[in-house]
Amino acid sequence: MTGPRRGPAGGGAKVRWHRECKVPARPRLPGTPGRSDGGVSMRILSSQVAEHVGETVCVAGWLHRVRALKSVTFAVVRDRAGLVQVVAADAELVKRLGELPEETVVEVEGTATANPQAPGGVEITSPVLRELSDPALTPPFDIYRPVVTAALPTVLDNAAVTLRHPRLRAPFEISAASVSGFRGALEGLGFTEIHTPKVVSSATESGANVFKLDWFGRNAYLAQSPQFYKQTMVGVFERVFEVGPVFRAEPHDTARHLAQYTSLDAELGFVTDHRDVMAVVRDAVAGMVAAIAERAPAAVELLKVELPEVPAEIPSIHFADAQELLARETDEDPRGEPDLAPAHERWLCDWAVREHGSQFLFVTGYPMAKRPFYTHPDPERPEFSNSFDLLFRGLELVTGGQRLHRHSDYLAALAARGESPEPYAGYLAAFAHGMPPHGGFALGLERFVARMTGADNIRWTTLFPRDLHRLTP
RNA sequence: GGUCCUGUAGAGCAGUUUGGAGUGCUCGCCACCCUGUCAAGGUGGAGGUCGCGGGUUCAAGUCCCGUCAGGACCGCCA
């Protein structure tokens, strides 16, 4: 090792040699000493071994798989970048490798050797080994097999180890890329990222149930959304977004509902109506899809994710027209219903693909009766709202719309619902002090990733999901 | 909250229809074998409160009742 080298593709940043390889510092198993000059090596990643053929290298990671043959033992080490094969021939080292269970953390120093027989064409030979963890407990199923044989409850119950499986980890690589794309797209549009409280004093928004908790002896609640705060911050920054958890105490026990999930929220001022918000939704989603392709290509490849085209303008259909369409073209007649059933949403998505070649579809103008009090009505048809949902592959992914912005309209809307303005005082102050026409939206991250990866249950794309039955791990 | 389905070894499943000794499969685990593996291969072995409780029966994994757990659909849902 002669010093820092260029890293793998990705901006040309120098690799940070974050620490010394400690293999020689501990009692070593017999084997060829790593360096003739007695020095120490720095850890490199599995993906970098090929760049060091002929040199002594050090890798560290989890024992992904040990394959013992009579005269040679192969140990595959997994780190954050991937896998690398280690070849052991020394009798004592072979014996020890045979005793170590998979998932034990090890550090290996040896010679990077090109070999066409090795996976990836390179492997580490003449290794010395240091164990960095106690021998690992056997996982409930094989992490090293390409297919996941366990059912969802088993995966969730044993998340600490099962998430290491490349297929179970991949959705969270896509999740991270999605958030990055969301953030990048909105920052590019002049939005400011904010962080709002998740413990609130009032449980008054909407009829949805909230989690109640004790706050120094007072009643408090977990926030169902950053709605009030993000609107308030429009009065400060004009354009804001937030990535954070929201909590729903509703007893939904389905493959698409959670008690806690990650909401990608945005709100912007000086809009004409909800269509300006929809344009931002389009750009945000396009940024997310692009970021997945750019930042999580391995996960896309592994899961065979089909990245959707995001049209320059996502097709939209009015709620009333959607109901007419359903009544005309299906066996059901939902006209007069205040909302679309999940089956109707699925049908409309198929229709959008057929008619518009788009996997995304806006449904606009939901009835005011089903929308929260801050929803702005359609000036032409006041029974309908300036709101929208974005449907994607059969599922409601985004809800948004134009909000009321005049203080007097809020007082009237609350009065119409028989509610006192008192609990909303802090929120209403924003409007009393002058607020532009504005709107916003919220996108469910786990739902987005689930639709993107084809997961049949949102829990495959949720880290440590919280639902009716599950509070651990 | 409603309807339906499923609980059998560490994991994933057969076996339940027609009651007859925990009968079996794939993987893992343990031991041994194997000259380069790629989800290695071979031989042998260990591992079971058939979710739990009650009932029917000479006899229950199997039939009945209850209960608990998991799942699906619906309802509900900013």
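# Notes on chain A and RNA strand B

1. Of the 473 residues in chain A, 49% are buried, where buried means under 20% relative accessible area, exposed means over 50%, and partly exposed is in between, with a 1.4 Å probe and protein chains only. Before you read on: this is a predicted model, in which local features need pLDDT of at least 70 and side-chain atom pairs count only at pLDDT 80 or more, while totals for chains, interfaces and linings use all residues. Residues are numbered from 1 along each chain as its sequence is written, chains are lettered from A and ligands numbered from 1 in the order in which they are written, and side-chain values use heavy atoms, with hydrogens and water left out.

2. Some overall figures. The C-alpha trace of chain A spans about 80 × 55 × 40 Å along its principal axes. Chain A has 12 helices and 16 strands; helices (H or I, at least four residues) and strands (E, at least two) are DSSP runs, numbered from the N terminus. Taking contacts in chain A with a separation of 6 or more, 63% are between residues 24 or more positions apart; a contact means heavy atoms within 4.5 Å.

3. Now the RNA. Sorted by class, the surface near RNA strand B has 14 nonpolar, 16 polar and 14 charged residues. In that sorting, Ala, Val, Leu, Ile, Met, Phe, Trp, Tyr, Cys and Pro count as nonpolar, Asp, Glu, Lys and Arg as charged, and the others, Gly among them, as polar.

4. Arg65 has a polar side-chain atom 2.4 Å from a phosphate oxygen of RNA strand B. Ser71 puts a polar side-chain atom 3.4 Å from a sugar or linking oxygen of RNA strand B. With Gln224, a polar backbone atom is 2.3 Å from a base nitrogen of RNA strand B. Strand E1 (56-68), helix H2 (152-157) and helix H9 (342-356) are the elements that give two or more residues to the surface near RNA strand B. E1 gives the most, with three residues.

5. Two strands pair if DSSP finds at least two bridges between them. E1 also pairs with strand E2 (residues 73-79) in the antiparallel sense, over six bridges; here Leu63 stands opposite Val77. A hairpin of four residues joins E1 to E2.

6. Strand E9 (residues 218-222) is antiparallel to strand E7 (residues 199-200), with two bridges, and Val199 stands opposite Leu222. Four bridges join E9 to strand E8 (residues 212-215), also antiparallel, with Tyr221 as the bridge partner of Lys212. In the hairpin of E8 and E9, two residues lie between the strands, and Phe216 takes a positive phi near 50°.

7. There is an open sheet of eight strands with mixed pairing, in the order E6-E10-E11-E16-E15-E14-E13-E12. Strand E6 (192-193) and strand E12 (316-318) are at the edges with a single partner strand each, so one side of each has no neighbour in the sheet. E12 runs parallel to strand E13 (residues 360-364) over three bridges, and His318 has Thr364 as its bridge partner.

8. Is Asp273 buried or exposed? At 11% relative accessibility, Asp273 counts as buried, in the loop between strand E11 (260-269) and helix H6 (274-295). Its side chain makes a polar contact of 2.7 Å with that of Arg275 (a pair of N or O atoms within 3.5 Å; within protein, one must be able to donate a hydrogen and the other to accept it, and residues adjacent in sequence count only if both atoms are side-chain atoms). Arg417, in the loop between helix H10 (407-416) and helix H11 (425-432), counts as partly exposed at 40% relative accessibility.
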